[in-house]
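Here is my note on the model you sent. Please read it with the structure open, and take the points in order.

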Amino acid sequence: MVEDMVPGAYKDQFYLAKNTIYLDGNSLGLLAESAENKVLHTLQSEWKEDAIRSWNQSWYHLPERLAGKLAPIVGAKPNELLFCDNVSTNLFKLVAATLRHNPERKWIVTDDLNFPSDLYVMRGVIDLLGQHHAIEIVPSKDGIQIPTSFFEEALCGDTALLSLTHVSFKSGFMHDMKVITELAHRVGAFALWDLSHSTGAVPLRLNEWKVDMAVGCSYKYLNGGPGAPAFLYVREDLQESLSSPIRGWFGAKEPFAFHLDYTPAPGMKRFFSGTPPILPLNAIGANLDLINRAGMESIRKASLELSSHFIKRFQQELEPLDFKLATPIDPTCRGSHVSLQHKEAYAINRALIDPSDNGLSVIPDFRAPDNLRFGFAPLYNDIADIDQAIDRIVYLLSSGLIQAGTQRTGIVT
Ligand SMILES: *Cc1c(COP(=O)(O)O)cnc(C)c1O
């Protein structure tokens with residue numbers, strides 16, 4: 001393990017477009033050469049030549065091998081992790097399983113910094129179970145952060161589940177997972193965390209923090225590629241008491257016995273629905289190796305170097321240009337991206353991505369109504385990326401290349 005990785009130490013192992021500064025690894029991680037090679041091998045040898053024989057040779061046990069590689073990244077045991085489906089589906093499975101396990105308690109506690117999809121899923125489960133439950137959405141005062149004490153007030157003896165996103169998708173605020181999980185346990189509720197913006201960016205200690213359940217995304221800092229399967233975590237001693245509401249054959253005890261009656265597989269496998277997607281799983285595997293080689297502690301150190309440098313230059317040069325910081329300045333409650341608000345955020349985002357002067361392209365992303373998000377992927381972003389991005393923003397604003405009131409084009413922002 002490398003002791004102190006400099007930011008961007010693995011840059012030469014990723015594909016970066018020419019004349020482009022990529023600061024969107026928090027939304028879609030870049031392709032690594034090792035991931036490409038692994039996927040090409042899967043296509044050209046495993047599928048093209050060995051075809052169905054590959055299920056026995058390597059595919060069937062691939063999700064378990066990947067769980068072993070993810071374990072040190074999230075601080076859990078390999079037998080507590082499973083790659084399958086997407087985050088929304090995995091959340092659905094765990095929320096439904098928890099509420100059915102704990103039917104006498106009414107409330108799900110969450111907050112307004114959560115990813116909207118998570119709220120849609122929770123409401124969907126409540127509807128499906130006959131509306132015997134309800135959601136309490138703890139409000140932030142400023143849309144940026146929420147003090148831990150707010151959850152102490154919201155949790156009660158009638159809370160079934162506390163479900164939060166660890167690092168907020170918009171502001172980059174990071175909750176104190178250990179303390180909030182403890183608060184949930186104090187009232188006898190389960191804690192379920194969405195790790196989509198944390199996995200591969202901040203060190204996680206799911207076992208040490210006594211987290212009950214979690215879900216996470218693999219196309220952000222895990223660089224698994226578009227639509228790569230998500231993962232879920234359930235602590236070992238809870239697995240046997242939860243049952244998945246999606247009872248597919250891959251989650252059954254003996255899928256190839258084709259019994260007409262369903263018996264859940266022991267352990268995490270019960271949370272499989274159907275066949276796992278082998279191509280993107282192989283891309284994830286190559287990236288987990290890279291992350292483990294770098295080590296999560298040094299990734300975090302590099303991430304904070306990047307975001308702190310960005311914030312320092314924001315204060316010097318962007319604050320006077322009417323940008324506002326919409327991310328906590330305290331590094332202990334910050335993930336790996338920084339949001340800036342500006343009334344022309346959308347126009348600035350477009351001008352940065354598609355420059356009309358054939359200059360450098362800088363890729364952040366836009367989150368309505370006025371947020372520009374800058375994601376720092378410590379494996380491939382370095383300090384020079386940040387300096388060039390800030391220089392470019394200052395240049396665009398001073399040279400009149402921003403067209404105020406730019407109309408929205410494209411669906412994905
Ligand atoms: C990206 C992201 C997801 C992704 O959800 P999918 O269902 O896999 O598309 C979920 N939650 C959060 C907090 C995210 O940032």
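**Notes on the model**

1. Start with Trp-47: its relative accessibility is 54%, so Trp-47 counts as exposed (exposed means over 50% relative accessible area, buried under 20%, and partly exposed in between, with a 1.4 Å probe and protein chains only). Trp-47 sits in helix α1. Helices are DSSP runs of H or I with at least four residues, strands are runs of E with at least two, and the numbering starts at the N terminus.

2. Before going on, note that this is a predicted model, in which local features need pLDDT of at least 70 and side-chain atom pairs count only at pLDDT 80 or more, while totals for chains, interfaces and linings use all residues. Residues are numbered from 1 along each chain as its sequence is written, and side-chain values use heavy atoms, with hydrogens and water left out.

3. Trp-47 belongs to a nonpolar surface patch together with Leu-40, Leu-43 and Leu-279, and the four have about 340 Å² of accessible area together. Patches take residues with over 30% relative accessible area and no salt bridge, joining like charges within 9 Å and nonpolar side chains (Val, Leu, Ile, Met, Phe, Trp, Tyr) within 5 Å. The areas come from the Shrake-Rupley method with a 1.4 Å probe, and for residues only the protein chains shown count as cover. Helix α1, residues 33–50, gives the most to this patch, with three residues.

4. Next, the sheet. Seven strands make an open sheet with mixed pairing, in the order β2-β8-β7-β6-β5-β3-β4. The edge strands are β2 (81–83) and β4 (134–138); each has a single partner strand, so one side of each lacks a neighbour in the sheet. From one strand to the next, the twist averages 20°. Two strands pair if DSSP finds at least two bridges between them.

5. Leu-81 has Tyr-233 in β8 as its bridge partner. Helix α3 (residues 62–74) packs on the sheet and touches β2 and β8, its direction making about 125° with that of β2. Contact here means heavy atoms within 4.5 Å; axes are lines fitted to C-alpha atoms, for helices over the stretch in contact, and angles run from 0 to 180 degrees between N-to-C directions.

6. Which residues cover the two sides of strand β7 (residues 213–216)? Met-213 and Val-215 lie on one side, Ala-214 and Gly-216 on the other, and all are buried. Strand β7 pairs with β6 (residues 190–194) in the parallel sense over three bridges, with Asp-194 opposite Val-215. With β8, strand β7 runs antiparallel and is joined by four bridges; Ala-214 has Tyr-233 as its bridge partner there.

7. The model has 20 salt bridges, each defined as a side-chain nitrogen of Lys or Arg within 4 Å of a carboxyl oxygen of Asp or Glu. One of them joins Lys-93 and Asp-85, with the closest N and O atoms 2.6 Å apart. Lys-93 is buried because its relative accessibility is 0%, whereas Asp-85, at 26%, is partly exposed.

8. Asp-387 and Arg-313 also form a salt bridge, at 2.9 Å from N to O. This pair links distant parts of the chain: Asp-387 is in helix α11 (residues 383–398) and Arg-313 is in helix α9 (residues 296–318), 74 residues apart. Asp-387 is partly exposed, with a relative accessible area of 23%, and Arg-313 is buried, with 11%. Salt bridges with shared partners join Arg-313, Glu-317, Asp-387 and Asp-391 into one network.

9. Finally, check some backbone details. The peptide bond from Ala-368 to Pro-369 is cis, with omega near 0°, and Pro-369 lies in the loop between β12 (365–367) and β13 (371–375). Phe-258 is not a glycine but has a positive phi of about 55°; its place is the loop between β8 and α8 (278–294). Asn-358 also has a positive phi, near 60°, and lies in the loop between α10 (345–353) and β11 (361–363). Phe-258 is exposed, at 56% relative accessible area, and Asn-358 is exposed, at 71%.
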